[in-house]
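Trainee: I would like to go through the terms used for this structure and ask what each one rests on.
Mentor: Go ahead; we will set each value against its criterion.

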Number of protein chains: 2
Amino acid sequence: MQQLRRDPILGRWIIVQDEKQISPNDYIEQSVGAKQIGKFCPFCVGNEAKSPPDIFVDKTPGAEQSWNLRVIANKFPALRIEGDLDRQGIGIYDQMNGIGAHEVIIETPDHQKDIADLSTEEAAKIIFAYKQRFLDLKQDSRFQYILIFKNHGQSAGASLEHSHSQLIALPIVPKKIKEALRGAEKYYGFKERCVYCDIIDQELEAQERMICENENFLAFSPFAACTPFEIWILPKKHCSHFYLISEDLLYDFSAILKDVLWRLKKILTDPPFNFIINTAPIQHEQELGFYHWHMQILPKLTRAAGFEWGTGFYINPSPPEQTAKLLREVV
Amino acid sequence: MQQLRRDPILGRWIIVQDEKQISPNDYIEQSVGAKQIGKFCPFCVGNEAKSPPDIFVDKTPGAEQSWNLRVIANKFPALRIEGDLDRQGIGIYDQMNGIGAHEVIIETPDHQKDIADLSTEEAAKIIFAYKQRFLDLKQDSRFQYILIFKNHGQSAGASLEHSHSQLIALPIVPKKIKEALRGAEKYYGFKERCVYCDIIDQELEAQERMICENENFLAFSPFAACTPFEIWILPKKHCSHFYLISEDLLYDFSAILKDVLWRLKKILTDPPFNFIINTAPIQHEQELGFYHWHMQILPKLTRAAGFEWGTGFYINPSPPEQTAKLLREVV
């Protein structure tokens, strides 16, 4: 029987279908496929002149390799960094000029590698770069929210195959974030507890949706997963701001991220996916009791259609309990 | 320069890029392509036994053709019609059993035709069938919302190419509808006018986003279009419930729908698209002053990626003023 499951924060409903067991092989036609060899790539070592200059770079002193990781401005930005904010009404409509920052984190000099293939130390350089860029951009008073995300594979929106993630700083707090804050605050108002902390307790207790954990983080498939194999990674200790991540936590986060991406890559033969770091808006300088930063990994295995557009519902053909079990058992 | 435009009802922001003029040809690789000839189709005349029995059928008395339009239960329903509603808590989570209706409207017996190719009389049969099924299902007290939608082309979620639309009756009012109602009610509370009526006035006055109109309906590309070539069709006279459509209006609606789908098909060489009828929830028996039913047509020409997932923003590379002009000029 189909179930309707409610997202405990956003309040949207998901239809989870558990009538037929779907095998990971049913999704494999979505695989990203082998990377092209020999084709020009602007993110590869030696081609630095073909991309914007470094905003941030990680180098090993004395190493032969010229860099381990680079952050550059996006050559085709969704928003422009130059200018002042200008809000304007056009009759009943509202518009603003498109001010923002749009950066690209080139995660590795190796064209053939993804985060799943890196060492934990190499993955930690990526998370460190996210934190550094976040700390820098949050000083710009024009910005209210910073989103870090990754598109992996063409059908998940990646236009280049060399492993990279992106950062966008926005002059407003986006609707989706406001909704999550509102949902979490409502729960807090009722229970005087963080909803994410309660989710962590319940998932660790129930175990059926758990994938893996380490000292400071856990990874599970959420109760109201909106796509097959959706994964959440949360710090076990309450914290609303990603950028407050300490050196210890940064290492543990990198380890669990690399681990779950490796499991996904194994079981679904390198699926397209998006990941997002959900964190509190930057104008809240203080820790928020009701919000808890977390990463959301969304494999791109199904297509949103008229029903999803019309309702905001999602249909998930793979119950998270089944997919968590499969991900737990990957060796 | 990019612009940020605010959706006047949902409050979400859209990034509209107008730096380079995108030609319709840039989207043509998305085309649905020619229909297959000779392959078995369960929706074709003669194969009725291979699909569920008729719930509703349109026949011309004495005609050779056995039917003009059929409505059947979906063979693979997202929700099941049998059973009682049952809400349940699982720790902090909430679930419901998946009760609902899921029907398919087979729009024409002709495998080669789409709505764009039909006569207005034939298209009117489709809208009439929507209304009849709506009136029937709204009597079921388990349902709170009825969504009518169409997926055209595989990348827009259609699993069969024979022209059809779908109806889903839901036991709850979906989040997206609640948000639209809330946004429209807030505007009404401030202005004491329907926001959609104000949009109609402004679009008819400005003309730059208009596509076409007839006595009772207008079609335009909305100010904060979230996809290239997004189109809205609204009745000029205020009405919150689609199912209250009169015979005259039904004919005019069919004429304008067929017209805009034909323009889209011409200019984008048969693009994949979704359409949705947005209407008031069925438990509101009375006309709502603040809500206005309308159809939204969303061509599937861009891909939502990490940024859209993370923020609820959309990036639209084609300003609606440009696409409306192109659609106006189709001959």
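Trainee: In this predicted model, what makes strand S1 and strand S2 of chain A a pair?
Mentor: Two strands pair if DSSP finds at least two bridges between them. Strand S1 (residues 3-6) of chain A and strand S2 (residues 13-16) of chain A are joined by 4 bridges and run antiparallel, so they meet that criterion. In this pairing, A:Gln3 stands opposite A:Val16 in S2(A).

Trainee: How do you know that S1(A) also pairs with strand S6 of chain B?
Mentor: The criterion is again at least two bridges. S1(A) and strand S6 (residues 93-97) of chain B have 3 bridges, in the antiparallel sense, so they count as paired. A:Leu4 has B:Met96 as its bridge partner in S6(B).

Trainee: What is the strand order of the sheet that holds S1(A)?
Mentor: The order is S15(A)-S2(A)-S1(A)-S6(B)-S5(B), an open sheet of 5 strands with mixed pairing. At its edges are strand S15 (314-316) of chain A and strand S5 (87-90) of chain B, each of which pairs on one side only. From one strand to the next, the twist averages 30 degrees.

Trainee: Why are strand S5 of chain A and strand S15 of chain B said to stand at the edges of their sheet?
Mentor: That open sheet, also of 5 strands and mixed pairing, has the order S5(A)-S6(A)-S1(B)-S2(B)-S15(B). Strand S5 (87-90) of chain A and strand S15 (314-316) of chain B each have a single partner strand, so one side of each is left without a neighbour in the sheet. Neighbouring strands here are turned by 30 degrees against each other on average, direction ignored.

Trainee: Which strand pairs with S15(B), and is the pairing parallel or antiparallel?
Mentor: Strand S2 (residues 13-16) of chain B is joined to S15(B) by 3 bridges, and the two run parallel. Within S15(B), B:Ile315 is the bridge partner of B:Ile15.

Trainee: Why is helix H1 of chain B called roughly perpendicular to helix H4 of chain B?
Mentor: Helix H1 (residues 120-137) and helix H4 (residues 247-268) of chain B pack at an angle of about 115 degrees, with their axes 8 Å apart. The class of roughly perpendicular covers 65 to 115 degrees, which makes H1(B) roughly perpendicular to H4(B). Their crossing is right-handed. Among the residues that make the contact are B:Ala123, B:Ile127 and B:Phe128 of H1(B), and B:Leu250, B:Phe253 and B:Leu257 of H4(B). The contact residues divide into 9 nonpolar, 2 polar and 1 charged.

Trainee: How do you know that the copies meet through the same surface?
Mentor: Of the interface residues of chain A, 100% are also interface residues in chain B, so the surface is the same. In the contact, 53 residues of chain A meet 53 residues of chain B. Elements of chain A that each supply at least two residues to the side touching chain B include S1, S2, helix H2 (175-191) and helix H3 (195-206). The residues of that side divide into 27 nonpolar, 16 polar and 10 charged.

Conventions. Residues numbered from 1 in each chain as written. Chains lettered and ligands numbered in written order. Predicted model: local features only at pLDDT ≥ 70, side-chain atom pairs only at ≥ 80, totals over all residues. Axes fitted to C-alpha atoms, helices over the stretch in contact; angles between N-to-C directions. Parallel < 35°, antiparallel > 145°, perpendicular 65-115°, else oblique. Left-handed = near helix turned anticlockwise from the far one by under 90°. Contact = placed C-beta atoms within 7 Å. Nonpolar A, V, L, I, M, F, W, Y, C, P; charged D, E, K, R; others polar.
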